[in-house]
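Student: I have a model open and would like to learn how to read it. Can we take a sheet, then a single residue?

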Amino acid sequence: MAESSEGEEEGKLTGGNQQLMVDDDLREMGKKAAWSVSSCKPGNGVASLRDDNLDTYWQSDGAQPHLVNIQFQKKVKLQLVVLYVDFKLDESYTPSKISIRAGDGFHNLKEIKSVELAKPTGWMYISLSGSDPRETFVNTFMLQIAVLSNHLNGRDTHVRQIKVYGPRPNPIPHQPFQFTSTEFITYSTLSIAIVHATLGLSLITSASPECGVDTGKLDRFGELKQMAGSCPFSKNVFFDIRIDKLKLF
């Protein structure tokens, strides 16, 4: 992730990042959700929160707190909320205190995070991780972002973008652990592919044209073996295959 937006005080965020940068092991989950807001000015509705345009913004039009509701059809794991707010442009419309709540629906939302923003300008990162190191994400049907107050005692609020992120699923099915290094993911996927290919091969007496062997496939399989041979955690069992005794389909 980009350098932290957090100030020295716990629960208080300062500054902001001009570029949105998130860890590779997280994915944006907002597109899977139904979004709504408690109120808005005409032309500044919920769509402005998701249009990837920092020149537009959601503007509330009602009493505080101002609410953004993010509802999913099934339970999802969420780890990070990122907002773009701009005190330099929005002044008294800029949120100063935000509450994040989670639950199955409106009936049982519970606050999981409360943060203060001190004249923020840029992307602000709000981790949903708990105080326990094992609580790295929240598993929920719904997330609600509540603007409790604004700078300079402003009434309505401006928020320019909101992104919500959760952990990426394990890229290798049926593997009980997950690699985070791009290199290890690449090689582990390659090793699994070779094992699957091996299981799909039929033994033959010799690799000759009469046996129907596709030499192009043999070449490609040889390339896979050569690539996988550099795998930093490879097992010899993956690579002691007798190509001349196998038929590729």
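Predicted model: local features only at pLDDT ≥ 70, side-chain atom pairs only at ≥ 80, totals over all residues.

Student: What holds the strands of a sheet together?

Tutor: Strands of a sheet pair through backbone hydrogen bonds, in a parallel or an antiparallel way. Here, four strands make an open sheet, ordered β2-β12-β6-β9. Their pairing is antiparallel.

Student: Which are the edge strands?

Tutor: They are β2 (26-28) and β9 (121-127). Each of them pairs on one side only. On average, neighbouring strands of this sheet are turned by 25° against each other, direction ignored.

Student: How many bridges join β6 and β9?

Tutor: Seven bridges, in the antiparallel sense. Strand β6 covers residues 80-86.

Student: Now the histidine. Is histidine 66 buried or exposed?

Tutor: Buried means under 20% relative accessible area. Histidine 66 has 0%, so it counts as buried. Histidine 66 lies in strand β5, residues 66-78.

Student: Which polar contact does its side chain make with another side chain?

Tutor: The side chain of histidine 66 contacts that of serine 60, at 3.3 Å. A polar atom of the histidine 66 side chain also lies 2.7 Å from the backbone oxygen of arginine 155.

Student: Which residues is histidine 66 in contact with, leaving aside neighbours within four places in sequence?

Tutor: Among them are Ser38, Trp58, Ile145, Ala146 and Val147. Ser60 and Arg155 are also on the list, as are Asp156 and Thr157.

Technical notes
Residues numbered from 1 in each chain as written. Heavy atoms only, no water. Pairing = 2+ DSSP bridges. Helix = DSSP H or I, 4+ residues; strand = E, 2+ residues; numbered from the N terminus. Axes fitted to C-alpha atoms, helices over the stretch in contact; angles between N-to-C directions. Buried < 20%, exposed > 50% of the residue type's maximum accessible area, 1.4 Å probe, protein only. Polar contact = N/O pair within 3.5 Å; in protein donor to acceptor, adjacent residues only side chain to side chain. Contact = heavy atoms within 4.5 Å.
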